Amino acid sequence: MYLETAVEAAKLGGAILTDNLQSEMRRQVSKKQQFDFVTKVDLLSEKAIINYIRERHPEHDILAEESGALQSGSDFQWIIDPLDGTKNYIHGFPFFSVSVALRQKNQLLVGAVLDPVRDELFYAEKGKGAFLNGQPLQVSTSNNLSECLIATGFPFRAKHLAASYFRAFSAMFHQVSDLRRAGSAALDLAYVACGRIDAFWEIGLNLWDIAAGVLLIEEAGGTVTDIYEQDRHLLSGHILASNSRIHSKIANFLEAPFRNVSL
Ligand code: IPD
Ligand code: CA
Ligand code: CA
């Protein structure tokens with residue numbers, strides 16, 4: 001039942017994103033902070049998702065990117081990113097998603113990430129596997145870095161971290177097949193879960209960017225930690241996700257650049 005709520009909520013949000021992709025509303029933004037924007041469509045999508053969840057589970061708490069935390073002390077919390085990849089969306093670059101997850105205390109129970117452009121719905125339920133449009137997902141089996149495609153996200157809100165970030169990027173770049181920065185962390189994680197990429201890392205993400213994607217990867221046989229290989233990614237948002245086999249190899253590139261950096 002919870003999975004169905006997550007999936008239907010993501011679809012409601014996704015329909016609003018695609019309906020407005022060709023309209024002027026796509027570009028109607030307000031600035032959240034330097035280099036960071038929210039669109040009118042974000043707000044519409046979030047409202048539709050929250051209303052739907054509220055109707056079905058009025059007793060549950062909600063954490064949504066644009067509305068913040070709506071709390072009544074429940075152990076259950078829905079975690080919503082109504083548009084992940086806002087900058088892509090504003091520019092009409094068709095790589096963005098909707099992410100909806102539910103946790104009970106610190107245990108993720110269900111997660112859905114929808115790419116409404118390609119009609120790809122990634123979803124997972126704790127202990128029951130991860131799926132893409134009904135097909136079971138598995139992370140890649142690559143072990144050899146020179147064959148690995150690695151995704152990342154730039155720290156565009158924290159440009160003071162650029163020096164450390166690009167040190168790690170450069171070290172990795174020399175050893176892996178190639179790197180990608182596609183612009184939707186939730187979809188990047190879904191792509192690790194289905195084996196299209198072998199690992200993903202980014203610093204400074206929020207819970208709504210990663211909650212659903214983390215469960216997808218865990219259920220698809222991958223590993224998720226923070227960039228120091230600790231189990232603190234949901235708290236810190238500094239995330240390293242992989243097919244498990246190359247996890248420590250990727251973590252090694254991050255170790256020196258971020259050793260003495262306060263994140
Ligand atoms: C952003 C995207 C992007 C990542 C940023 C996120 P938003 O989410 O996931 O890929 O690099 O850190 O904040 O703002 O588009 O929902
Ligand atoms: Ca996001
Ligand atoms: Ca967002």
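Let me open with the second largest pocket: its lining splits into 4 nonpolar, 3 polar and 5 charged residues. Here Ala, Val, Leu, Ile, Met, Phe, Trp, Tyr, Cys and Pro count as nonpolar, Asp, Glu, Lys and Arg as charged, and the others, Gly among them, as polar.

Some ground rules. This is a predicted model, where local features need pLDDT of at least 70, side-chain atom pairs count only at pLDDT 80 or more, and totals for chains, interfaces and linings use all residues. Residues are numbered from 1 along each chain as its sequence is written, chains are lettered from A and ligands numbered from 1 in the order in which they are written, and side-chain values use heavy atoms, with hydrogens and water left out.

A pocket, on a 1 Å grid over the protein atoms alone, is an open set of points where a 1.4 Å probe fits, with protein on both sides within 12 Å along at least five of seven lines; lining residues have an atom within 4 Å of a point.

Back to the second largest pocket. It holds about 220 Å³ of space, the volume being the space filled by probe spheres set on the points. Among its lining residues are Arg103, Lys126, Glu218 and His233. H7 gives the most, with 3 residues. Helices are DSSP runs of H or I, at least four residues, and strands are runs of E, at least two. Domain 1 (2–136) and domain 2 (145–255) each supply at least three lining residues; the bounds come from an automatic or database domain assignment.

Now the largest pocket. How much space lies in it? About 450 Å³. It has 27 lining residues, and Gly85, Phe156, Arg157, Arg181 and Gly183 lie nearest its centre. H3 gives the most, with 4 residues. The lining divides into 10 nonpolar, 6 polar and 11 charged. Why does this pocket lie between domain 1 and domain 2? Because both domains give residues to its lining.

Next, calcium. The calcium ion (ligand 3) has three protein donors named here: Glu65 (OE), Asp81 (OD) and Leu83 (O), 2.1 to 2.4 Å from it. Donors are N, O and S atoms within 2.8 Å of the metal (3.2 Å for Na, K and Ca); water is not among the atoms, so sites may look incomplete. Aspartate 81 also coordinates the calcium ion (ligand 2), and the two ions are 3.7 Å apart.

Last stop: threonine 5, in helix H1 (residues 2–19). Its relative accessible area is 0%, so it is buried.

Terms used: Buried means under 20% relative accessible area, exposed over 50%, partly exposed in between (1.4 Å probe, protein chains only).
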